[in-house]
Amino acid sequence: MTTILGIETSCDETAAAVVIDGTDVRSNVIASQVELHSKYGGVVPEIASRAHIERLDAVIEEAMAKAGIGLGDVEAIAVTNRPGLAGALLIGVTAAKTLSWVLGKPLIAVDHIHAHAHSPAIGLDAPPWPAIALIVSGGHTSLYRVDAPHAIERIGSTLDDAAGEAFDKVATILNLPYPGGPQIERIAKRGDPSAIGFPRTMLGRDSLDFSFSGIKTAVMYHVHGQGKTEGGLEKLTSADVADVAAGFQAAVIDVLVRKTLRAVGRTGLCTVVLGGGVAANMTLRKALEDACTHRHLTFHAAETAYCTDNAAMIAALAYHQLARGETAGLDLDAYASSGKAARGTTRG
Ligand code: KG4
Ligand code: ZN
């Protein structure tokens, strides 16, 4: 039995979790910072870092208490060290290094996006691999071919906005609070998804990449008038707004489902998994599940608790890294992007 403490601070959730053998989640504590960032309409990096510093100790303590264990029972410390906000990542990395050193336990560095790709496996009796993984979050929208927890290959990704970013921006256009995804989903329930035909950007016939900036602009011009960026919202009834939300959501989901099926066709794999913050969207989950059922494909969506940022997925993937001897030294650094060394403001 291997007990791993996971720590996640890549963006605006301060999270810690205790996971046994990569799949048995004993605790999954998340302190959301939404209330701190919502008035700015997005995540403010400095505020995120400060909140992580203030909250992380208590979040780790709560994760240990909920799991009913002490720090002495932990066999390894896992932490997200890429990609994300550099300052925010550093808080988690520093805490994990400290615990690793004090406890004399291995340190494991986890890629946040790989953890999202692996998250649908949490709690399953048998691993779902090989599979096509559609990972849709606020910072990334990508298709992966996952052959094993250590063999995750990106086969398509967004060329501009991530799907979650598009949800958030469209919510801003509709004057809905941040984060916009759940708000759009809520309002879309009252709307007609076919009332407005928003564009589906499929790129080339063979492309597995995504582009969501066009639809965001299409929504803006639909609301405010062609070429305009303001002044139109007050002319819309709440039924019109619901139709915009439903039409936008339907267009994004349509593209996500079609591209995922394209990836299945390309690779010949028979399993599809779904993860990332936008995977909390029930309409997307159902659409992808229906499409898979129709084609006799196996489908697993990550449990909603493991869709938006969390540390259970970090500890879960770390278990497989530890088994392969992939541990990090106390010189571990944080990286804003998935590639090495680049520092910037990429969101996880
Ligand atoms: O994975 P995540 O927690 O953070 C990143 O790694 O980016 O994803 C956050 C994103 C936000 O853009 C949020 O609006 C979106 O996930 N989201 C949703 C829903 N819940 C969260 N988008 C659509 N429908 C939802 N129900
Ligand atoms: Zn994420």
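Biologist: I'm new to this one. When two helices cross, what is the handedness of the crossing, say for helix 6 and helix 8?

Modeller: Keep in mind that this is a predicted model. You look at which way the near helix is turned from the far one. Here, helix 6 and helix 8 make a left-handed crossing.

Biologist: At what angle do the axes of helix 6 and helix 8 cross?

Modeller: The angle is taken between the N-to-C directions of the two axes. For helix 6 (residues 180-188) and helix 8 (residues 238-267) it is roughly 115°, and the axes come within 8 Å. Angles of 65 to 115 degrees count as roughly perpendicular, so helix 6 and helix 8 are roughly perpendicular to each other.

Biologist: Which residues of helix 6 and helix 8 meet?

Modeller: On the helix 6 side you'll find Ile184, Glu185, Ile187 and Ala188. Their counterparts in helix 8 are Val241, Ala242, Ala245, Ala246, Phe248 and Gln249. Sorted by class, this contact has 8 nonpolar residues, 1 polar and 1 charged.

Biologist: Now the strands. How many bridges join strand 2 to strand 3, and how do they run?

Modeller: Bridges are how you tell that strands pair. Strand 2 (residues 13-20) and strand 3 (residues 24-32) run antiparallel and are joined by 8 bridges.

Biologist: What happens between strand 2 and strand 3 in their hairpin?

Modeller: There are 3 residues between those strands, and aspartate 21 in this hairpin takes a positive phi near 50°.

Biologist: And how does strand 1 run relative to strand 2?

Modeller: Strand 1 (residues 3-8) is antiparallel to strand 2, with 6 bridges joining them. Leucine 5 has valine 18 of strand 2 as its bridge partner. Strand 1 and strand 2 also form a hairpin, with 4 residues between them.

Biologist: Is strand 2 mostly covered or mostly open?

Modeller: Mostly covered, with 8 of its 8 residues buried. To read a strand, check which way its residues point. Glu13, Ala15, Ala17 and Val19 point one way from strand 2, while Thr14, Ala16, Val18 and Ile20 point the other way, and all are buried.

Methods. Residues are numbered from 1 along each chain as its sequence is written. Chains are lettered from A and ligands numbered from 1 in the order in which they are written. This is a predicted model: local features need pLDDT of at least 70, side-chain atom pairs count only at pLDDT 80 or more; totals for chains, interfaces and linings use all residues. Side-chain values use heavy atoms; hydrogens and water are left out. Two strands pair if DSSP finds at least two bridges between them. Axes are lines fitted to C-alpha atoms, for helices over the stretch in contact, and angles run from 0 to 180 degrees between N-to-C directions. Angles under 35 degrees count as roughly parallel, over 145 as roughly antiparallel, 65 to 115 as roughly perpendicular and the rest as oblique. Contact means heavy atoms within 4.5 Å. Ala, Val, Leu, Ile, Met, Phe, Trp, Tyr, Cys and Pro count as nonpolar, Asp, Glu, Lys and Arg as charged, and the others, Gly among them, as polar. Buried means under 20% relative accessible area, exposed over 50%, partly exposed in between (1.4 Å probe, protein chains only).
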